[in-house]
Amino acid sequence: MAAEPGPTRAQLAWRTATIVAVLLGALVRLLVGLVLRRPDRRPDTMAVVAADTLRRLGPAFVKAGQLLSTRVDVLPAAACARLSVLYDRLPAPRARDVEPDLPARLLADLDPGHGGLVPVAAGSIACVYRARLRDGRTVAIKVRRPEADRLVRCDVRLLNAVAALAQRWPSLRGVPLADMVDQVGQSIRQQLDLAREAAALRSLRENLVGLDGVRVPAVVDGYTGTGVLVMEFVEGLRRGAAPSASDREATLRALQAAYHMLFLDGFVHCDLHPGNVYPMPDGSVVIVDAGFSRRLSEPA
């Protein structure tokens with residue numbers, strides 16, 4: 001298999017300048033906010049600036065923010081809540097900007113009489129739109145962001161360079177920073193391939209079909225490619241939609257699904273954060289976004 005083309009020097013230079021500019025702007029906003037706001041509001045100001053800065057920096061940094069948002073043992077709960085917007089509430093490209101990336105067959109099969117593409121969720125690498133097919137099915141169309149591939153490749157290369165420099169410090173010698181960056185970069189790059197995610201969704205759905213109250217959306221065949229994934233549309237996927245009485249039941253079902261993945265199937269969804277696991281009002285749970293999945297061992 002041919003090696004993937006890396007970013008050019010010009011792309012790396014432009015990306016470095018962009019990152020520096022965003023960080024400098026964030027520093028100015030942070031200083032102004034800390035000066036003008038009351039002391040009790042300053043932690044919230046820091047969280048808001050951090051979330052917006054990570055959003056501006058792009059996919060690799062958004063992924064880091066998503067991870068931090070789950071670490072209530074490290075950050076205040078209010079800061080984690082602010083960072084949670086990075087799961088699926090980022091600005092989405094306009095429908096007319098993503099339509100050129102859709103397969104011709106899909107465009108031909110869309111029903112123009114039902115509002116076209118309606119954005120319903122937007123993450124760091126891809127956005128999801130609701131649409132109606134001419135045969136009456138409502139589908140979720142996941143489309144990779146136009147610049148995601150280039151930005152991720154640049155950021156991984158830059159992070160590798162930073163890790164190599166950091167390992168020269170005596171206190172960091174022996175710390176496998178480069179290996180850590182390689183592993184994180186590989187996982188993010190794999191999430192760029194929506195055809196790979198489609199295969200992962202099919203596997204998860206097949207493996208978990210016997211668990212009561214656990215649902216994985218079905219892939220709609222015939223339209224999926226490297227940058228596009230079409231699935232059945234599941235109504236009601238909103239965080240906080242489930243009442244507390246059913247939330248506990250849904251949580252138990254999500255734990256059962258995780259147990260099943262780890263100890264029975266060996267094929268694991270590795271990104272089960274609140275933006276990918278939705279408790280439903282009836283106590284069921286819906287698992288989406290299988291771009292970061294791993295097989296722990298080969299089946300016997």
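**Burial and overall form**

I looked up burial first: 40% of the 300 residues of the protein count as buried. Buried here means under 20% relative accessible area, exposed means over 50%, and partly exposed is in between, with a 1.4 Å probe and protein chains only. I note that this is a predicted model, where local features need pLDDT of at least 70, side-chain atom pairs count only at pLDDT 80 or more, and totals for chains, interfaces and linings use all residues. Residues are numbered from 1 along each chain as its sequence is written, and side-chain values use heavy atoms, with hydrogens and water left out.

I then took the secondary structure, which comes to ten helices and nine strands. Helices (H or I, at least four residues) and strands (E, at least two) are DSSP runs, numbered from the N terminus. The radius of gyration is 21 Å, close to the 19 Å that the globule rule gives for 300 residues, so the protein is as compact as a globular protein of that length. That radius is taken over C-alpha atoms, and the rule is 2.2 Å times the number of residues to the power 0.38. I read the span of the C-alpha trace along its principal axes as about 55 × 50 × 50 Å.

Next came contacts, meaning heavy atoms within 4.5 Å. Among those between residues at least 6 apart in sequence, 64% join residues at least 24 apart.

**Surface and charge**

**Cores**

Which residues touch the most other members of the largest nonpolar core? I listed L201, L208, V214, L229, A257, M261 and I287, out of 25 residues in this core. A nonpolar core is a set of buried Ala, Val, Leu, Ile, Met, Phe, Trp, Tyr and Cys residues joined through side-chain atoms within 4.5 Å. Helix 9 (194-208), strand 5 (228-232), helix 10 (244-265), strand 6 (267-269) and strand 8 (285-287) each supply at least two residues of this core. Helix 9 gives the most, with six residues.

Leaving aside its neighbours within four places in sequence, L208 is in contact with V214, V216, A257, H260, M261, D265 and I287. A second, separate core has 23 residues, including A122, L133, Y223 and V228.

**Helix 3**

I went through helix 3 (residues 59-69) for burial. Its buried residues are P59, A60, V62, K63, G65, Q66 and S69. The cover over them includes helix 2 (42-57), helix 4 (77-83), helix 7 (148-166) and helix 8 (177-190).

**Single residues**

Is K142 buried or exposed? K142 counts as buried, because its relative accessibility is 8%. I placed K142 in strand 3 (residues 138-144). Not counting residues up to four places away in sequence, K142 touches A126, C127, V128, L194, E197, G227, V228, L229, M231 and D289. I also took its C-alpha separation from D88, 54 residues apart along the chain, as 12 Å.

D289, one of those contacts of K142, got its own check. D289 is found in the loop between strand 8 and strand 9 (293-295). Its phi is near 55°, a positive value in a residue other than glycine.

I looked at F263 in helix 10. At 57% relative accessibility, F263 counts as exposed. Its C-alpha atom is 37 Å from that of V162, 101 residues apart along the chain.

T18 is in helix 1 (residues 9-36). At 26% relative accessibility, T18 counts as partly exposed.

T8 counts as partly exposed at 42% relative accessibility. The C-alpha atoms of T8 and C154, 146 residues apart along the chain, are separated by 8.6 Å.
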